[in-house]
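Here is a short report on one protein chain. Look over the sequence and the fold before reading on.

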Amino acid sequence: NRTGRDLGEPMSCAYFDASRHLLRYTRWLSLEVLSAHFKDSGEDDILVGDPPTRWKLCDRNKRKAHEEMEGTVMNENVEKSMEGDKYTWMESECEKLLKSLRHQSDLRYMTFFIQPNYPADYAAFISRPMDWEQCNRTLQQRSYDKFGDLVEDLRLIFSNALKYNARAKGTDTVSGRAYDAAIYMSNKLEAAIDKMLLTVSDRLDREKIDHNTAERELVAAAKAEEERLRAQWRKEDGKEQKTVQTVRLIQRRPQRRMDFDFPFHEEEEQAQRGESAPVVIFQLHKQVFEKQRNEFGKLNRISKNVGLGVMARLGEHTK
């Protein structure tokens, strides 16, 4: 479909974009799921093709895939609902990321980070405290603008704990246990982030493809309608030209000489009515112009209806 895509054919463009996305998503998925089968990274561990059709299972390619997904997701604006309403699918993905840290089996680790009581000297080491409940409230208030904002806050929970409790590392104290819990939950958070990146980047790319396909269909429909109207105008214009030529021939036809006096002539009758050949031609041109203007109005209304239909389809798809 590359040739059709270069020519701008809507169906070829849709197939081409979908194929590129599926190749990229397959690479992301394989590098995420098959990490246990990775080989040592070498200089020849490169991606072959654009988009890549072959790749090696190695850490370097996984890091590159992770960077691609982060570039797609982290700066994406979160579609927000009204506070108290049902979450949008983007907000639901943020909620899933939060809940991934609240499994019952992890309660003994997360106890330090849900709603902690900060020591008196905490502010001397940590400039911006963060906990799970604060992240959850921010999400419920629809205050997260991007996926990256939530990820940054969640990572901050455990980086703060590692920084403050580093002095007690390896000790059987509350601070020592908090340090170990921060390491454990930080690893669990990163695994949940990887899963979220895979899911969200896939959906964002598919929605982008659907949006571009709908736009191309709208443009193609508008062009087809324009060509139909142009063909109709050319056909009608040909008929009007023939009519004008016929009128001109009639006006230029010489008067036959009569052997007797006729009480009036055609020229005198037109003069009495205030008509002439140029006036008749002007009236015909005016009729053609009015028909063309009416057809342009129809085209604008059709384009508006098609646009509203596409927007309605996109709204239903988003829901």
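Is Cys135 buried or exposed? Cys135 is buried, with a relative accessible area of 0%. The model is a predicted one.

## Cysteines

Cys58 is also worth a look. Its relative accessible area is 1%, so Cys58 counts as buried too, the cut-off being under 20%.

## Helix α3

Helix α3 runs over residues 59–73 and has 15 residues. From first C-alpha to last, α3 reaches 21 Å. That is close to the 21 Å expected at 1.5 Å a residue.

Which residues of α3 are buried? They are Asn61, Ala65, His66, Met69, Thr72 and Val73.

## Nonpolar surface patch

A nonpolar patch lies on the surface. Leu29, Val33 and Leu34 form this patch. Together they have about 230 Å² of accessible area.

Where does Leu34 lie? Leu34 is in the loop between α2 (10–33) and β1 (48–49). Leu34 is partly exposed, with a relative accessible area of 34%. Patch residues need over 30%, so Leu34 passes that cut-off at 34%.

Definitions and conventions. Residues are numbered from 1 along each chain as its sequence is written. This is a predicted model: local features need pLDDT of at least 70, side-chain atom pairs count only at pLDDT 80 or more; totals for chains, interfaces and linings use all residues. Side-chain values use heavy atoms; hydrogens and water are left out. Buried means under 20% relative accessible area, exposed over 50%, partly exposed in between (1.4 Å probe, protein chains only). Helices (H or I, at least four residues) and strands (E, at least two) are DSSP runs, numbered from the N terminus. The expected span of a helix is 1.5 Å times one less than its number of residues. Patches are made of residues with over 30% relative accessible area and no salt bridge: like charges are joined within 9 Å, nonpolar side chains (Val, Leu, Ile, Met, Phe, Trp, Tyr) within 5 Å. Accessible areas come from the Shrake-Rupley method with a 1.4 Å probe; for residues, only the protein chains shown count as cover. A salt bridge is a side-chain nitrogen of Lys or Arg within 4 Å of a carboxyl oxygen of Asp or Glu.
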